[in-house]
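This briefing goes with the sequence and coordinates shown below. Please keep both open while reading.

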Amino acid sequence: LVERAVDHATERGDEVARSELRLVDAMRRIPQALILYDRSGAVAFANDAAAPYLAGRHSEALVEEAIAEMAASVASGAKRAPEAVDLFGPPRRSIVVSATALVDDPVSDGRSAVAGQGTDVLVVVEDVTDRRRLEDVRRDFVANISHELKTPVGALSLLAETLLSEDDPAVTRRLTARLLSEAERVGRTIDDLLELSQIEAGGVARREEVPVHLFVAEAVDRVRPAAEQQQIAIDVEQPGRDLVVVGDRRQLVSATYNLLDNAVKYSDAGASVVVRARSVAGSVDVCVQDHGVGIPTRDLERVFERFYRVDRARSRETGGTGLGLAIVRHVAANHAGEVTLESVEGEGSTFTLRLPAAAGGPSDSHEVG
Ligand code: ADP
């Protein structure tokens, strides 16, 4: 069809032919596969994305069958809803095939064709694998949130019910304290959810030069009360004042705070936590090291997922929301950085937040202690 349009354009040399050519070229490049069948059932046009579905490949056989079957039935006047075809791969893929009859007179609703004679049919094939995956993630997330909130909310109503019929002041005080702690837990989960969704949706709203020693100090200040309560010393190896990153200060504080908060939560009383920053070949590494419970090798990849905990009971005991490391990972991604983790079960963990250094900062690899 492209060749035909080119011939036309050169023969007629007019505007109409040129715009036809542009249209056909645009259709060739769109990411969905387009196949146009003429009334005899032969392929009149197929764009680039359609090539895999017309090549007789074994891996696409199911899609090819669906295309042929739908095109034939639509050509003979049937109305068909789009059809999903799942290919089990690997990799698994979800493909949606839809077919529309193209009739000269749109008012006739596709029935102008003489029965059995057929019409032109346009088939559109779309790979919806990524969209499906996102939908699945979203669905799981909503299910997880509901589950996470259901437990403490259930505990709240149970505690309130018990309180109603309790007269002993000592018991009442104990139950009220538990009620308060469950309510705070729901509050923290909601705060973390809001923060995560803001960080996810907004990317980096503010881009300013943030000296590393400032955001580290702010995060340390925030975690200090919890650390003191646990008698954990936070040892800050003062980063050089020339270490600067470009980004959102609030997010950087939040990421560093979450790493420090975990280091404190997953250490035993009396232990120490070290935070240091150094410049490494164009990047700044902020490391938070603890000598706590550590993380088993099999869980190293998964701890960054929302609501994933190695030890549910411990996370619950320490008031964890299961969202801290998901926040850290998003902040790192928003700043074109990454977060990595080294850990030995029973010995401790080191989390490293690597961020690109602001231009003009120290470029050679040296440690600033
Ligand atoms: P939580 O609120 O449960 O701490 P996070 O997302 O911050 O959630 O962390 C996920 C899980 O990773 C935690 O439940 C814990 O099992 C593990 N974890 C995170 N940081 C540490 C650490 N410093 N030491 C040991 N385990 C950790």
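The model is predicted. Its ligand sits in the largest pocket, and 22 residues surround the ligand.

**Ligand shell**

- Among the 22 residues that surround the ligand, the closest are Asn262, Tyr266, Ser315, Thr321 and Gly322.
- Sorted by class, the shell around the ligand holds 10 nonpolar, eight polar and four charged residues.
- Three elements each supply at least two residues of this shell: helix 7 (249-265), helix 9 (324-334) and strand 12 (348-356).
- Helix 7 gives the largest share of the shell, with three residues.

**Polar contacts and burial of the ligand**

- Asn262, one of the closest residues, places a polar side-chain atom 2.8 Å from an oxygen atom of the ligand.
- Asp290 has a polar side-chain atom 2.8 Å from a nitrogen atom of the ligand.

- Ser343 belongs to strand 11, which spans residues 338-344.
- The relative accessible area of Ser343 is 15%, and Ser343 is therefore buried, the cut-off being under 20%.
- The side chains of Ser343 and Ser349 are joined by a polar contact of 2.9 Å.
- The side chain of Ser343 also reaches the backbone oxygen of Gly348, at 3.2 Å.

**His335**

- His335 is placed in the loop between helix 9 and strand 11.
- His335 counts as buried because its relative accessible area is 5%, which is under 20%.
- Along the chain, His335 and Gln251 are 84 residues apart, while their C-alpha atoms are separated by 9.5 Å.

**Loop residues with positive phi**

- Gln231 is not a glycine, yet its phi is positive, at about 55°.
- The position of Gln231 is in the loop between helix 6 (212-229) and strand 7.
- With a relative accessible area of 59%, Gln231 is over the 50% cut-off and so counts as exposed.
- Ala281 is another residue other than glycine with a positive phi, near 35°.
- The loop that holds Ala281 runs between strand 9 (272-280) and strand 10 (283-290).
- Ala281 has 61% relative accessibility and is therefore classed as exposed.

**Arg241**

- Arg241 lies in the loop that links strand 7 (233-237) and strand 8 (244-247).
- Its relative accessible area is 64%, so Arg241 is exposed.
- Arg241 and Val212 are separated by 29 residues in sequence and by 7.4 Å in space, C-alpha to C-alpha.

**Ala26**

- Ala26 is part of helix 2, residues 15-29.
- Ala26 is at 40% relative accessibility; because that value lies between the 20% and 50% cut-offs, Ala26 counts as partly exposed.

**Points to check in the viewer**

- Which side-chain and backbone atoms make the listed polar approaches to the ligand?
- Is Ser343 buried or exposed? Ser343 is buried, at 15% relative accessible area.

Definitions and conventions. Residues numbered from 1 in each chain as written. Predicted model: local features only at pLDDT ≥ 70, side-chain atom pairs only at ≥ 80, totals over all residues. Heavy atoms only, no water. Near = heavy atom within 4 Å. Polar contact = N/O pair within 3.5 Å; in protein donor to acceptor, adjacent residues only side chain to side chain. 1 Å grid on protein atoms, 1.4 Å probe; cavity = no way out; pocket = protein on both sides within 12 Å on 5 of 7 lines; lining within 4 Å. Sits in = over half its atoms within 2 Å of the grid points. Helix = DSSP H or I, 4+ residues; strand = E, 2+ residues; numbered from the N terminus. Nonpolar A, V, L, I, M, F, W, Y, C, P; charged D, E, K, R; others polar. Buried < 20%, exposed > 50% of the residue type's maximum accessible area, 1.4 Å probe, protein only.
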